[in-house]
Amino acid sequence: MFNTRLTEMLNIKYPIIQGGMAWVATAELAAAVSEAGGLGIIGCGSAPADIIRKEIRKVKRTTKKPFGVNVMLMSPFVDDIMEMLYEEKVNVVTTGAGNPGKYITKLKEVGTKVIPVVPSVALAKRMEKVGADAIIVEGTEAGGHVGELTTFVLVPQIVDKIDIPVIAAGGIADGRGYIAASSLGAEGVQIGTRFVCSEECVVHDRYKEKIVNAKDRDAIVTGRSTGHPVRIIKNKLSKQITLLEKDKSNKEEIENLTVGALKRAVIDGDIENGSVMAGQSSGLIKDIKTCKKIIDDIINEANDVRKNLC
Ligand code: TUI
């Protein structure tokens, strides 16, 4: 069940990809996930190319296993990042928040597999046509920048429309979610929030605690009115944004409030005025453990669930 076209293509033990979270997905987290048999990912966010190159070199020194880099396509440094990636020749590039079409041919030429994140059927079809190796289908349950549709409805619609492997993302944090995603036709899962609450993840302890303490309705979407919907855990910042969103003329004030807000939460541990990006799976996460334990527990639980199904 854990051998799929994705594990073959990427040469990994389990088809579990770590989300490429800005500020959060550092070399430490990526190396730990890859060592545990998944695919660790360094998240570029809006960091410049030289910083990311250093993170790549750190992972290369720490593990011989495959790993990847997530490129956030709204980054002001996206072209520099791509030039650097053509040189570093990492195993995998995942992309988010845009259409990576114009970079795919060159990445593939240097031997990098390209796996875009998409929030819709149309974009999935377009990405297959321009040469993507697989597609990450991300439902609105995910943390951070989100689309509208749920994982449960979007994954099977895309599985029906494309031939390359589909990886399900958004709302998956345990073995039950893994089996559900497989049942929908996914050949792998991408997991973000669960890995934030790992021992190896460098985010501030208060950020991890905020997720562990979150209840079912605490991961809410802010910024719909500004055209930048972002899922974060409810706090003082989210309440301020929600109030400002009642009036469309407050767009600039909202943008000012959110500039630098992710760093404030992740690095400074200001979980009230900062942006605590996390998915709806926060309500499922009750502890902090190593990446190896997270992956082993998912695999063991998935095996138990499967036995009970048959
Ligand atoms: O990219 C993400 N999640 C992110 S990026 C991020 S950094 C950020 N911070 C503040 C505001 C905005 C971004 C935090 N979380 N997930 C992958 C994802 N990609 N979700 C949705 C999409 C997406 C959306 C539109 C992918 C492609 C797309 O294409 C539009 C087009 O060009 O056709």
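Analyst: A residue counts as buried under 20% relative accessible area, as exposed over 50%, and as partly exposed in between. The structure under discussion is a predicted model.

User: How does Lys-108 count by relative accessibility, and at what percentage?

Analyst: Lys-108 counts as partly exposed, because its relative accessibility is 35%.

User: With which residue does Lys-108 form a salt bridge, and how far apart are the closest N and O atoms?

Analyst: The general idea is that side chains of opposite charge can pair when their charged atoms come close. In this model, Lys-108 forms a salt bridge with Asp-133, and the closest N and O atoms are 3.7 Å apart. Lys-108 belongs to helix H5 (residues 104-109), whereas Asp-133 is in the loop between helix H6 (121-129) and E6, so the pair ties together parts that are 25 residues apart in sequence. Asp-133 counts as buried, at 13% relative accessibility.

User: How many salt bridges does the count come to?

Analyst: The count comes to 16 salt bridges. One of them joins Arg-53 to Glu-88, with 2.9 Å between the closest N and O atoms. Arg-53 is in helix H3 (residues 49-62) and Glu-88 in helix H4 (residues 78-88), so this pair ties together parts that are 35 residues apart in sequence. Arg-53 is partly exposed at 24% relative accessibility, whereas Glu-88 is buried at 6%. Both residues also belong to a network of salt bridges that links Arg-53, Arg-57, Lys-60, Glu-87 and Glu-88.

User: Where do Lys-58 and Glu-55 lie, and how many residues apart?

Analyst: Both lie in helix H3, three residues apart, which is about one turn of the helix. Lys-58 is partly exposed at 29% relative accessibility, and Glu-55 is buried with a relative accessible area of 14%.

User: In what order do the strands of the open sheet stand?

Analyst: As a general idea, strands of a sheet pair through backbone hydrogen bonds, either parallel or antiparallel. Here eight strands form an open sheet with parallel pairing, in the order E1-E9-E8-E6-E5-E4-E3-E2. Strands E1 (16-18) and E2 (40-43) are at the edges with a single partner strand each, so one side of each has no neighbour in the sheet. Direction ignored, neighbouring strands of this sheet are turned by 25 degrees against each other on average. Within the sheet, two bridges join the parallel strands E5 (residues 113-118) and E6 (residues 135-138), and Val-118 stands opposite Val-137 in E6.

User: Which strands does H7 lie across?

Analyst: H7 lies across E5, E6 and strand E8 (166-169), and runs at about 175 degrees to E8. Helix H7 (residues 151-159) includes Val-153, which is partly exposed at 38% relative accessibility. Together with Leu-149 and Phe-152, Val-153 makes a nonpolar surface patch of about 290 Å².

User: Which residues of helix H8 are buried?

Analyst: In helix H8 (residues 175-183), the buried residues are Gly-175, Gly-177, Tyr-178, Ile-179 and Ala-181. The buried residues of H8 pack against E1, E8, strand E9 (188-191) and helix H14 (291-309). Just after H8, Gly-185 has a positive phi of about 105 degrees.

Definitions and conventions: Residues numbered from 1 in each chain as written. Predicted model: local features only at pLDDT ≥ 70, side-chain atom pairs only at ≥ 80, totals over all residues. Heavy atoms only, no water. Patch = residues over 30% accessible without salt bridge, like charges linked within 9 Å, V, L, I, M, F, W, Y side chains within 5 Å. Areas by Shrake-Rupley, 256 points an atom, 1.4 Å probe, with all protein chains shown as cover. Salt bridge = Lys/Arg side-chain N within 4 Å of Asp/Glu carboxyl O. Helix = DSSP H or I, 4+ residues; strand = E, 2+ residues; numbered from the N terminus. Buried < 20%, exposed > 50% of the residue type's maximum accessible area, 1.4 Å probe, protein only. Pairing = 2+ DSSP bridges. Axes fitted to C-alpha atoms, helices over the stretch in contact; angles between N-to-C directions. Contact = heavy atoms within 4.5 Å.
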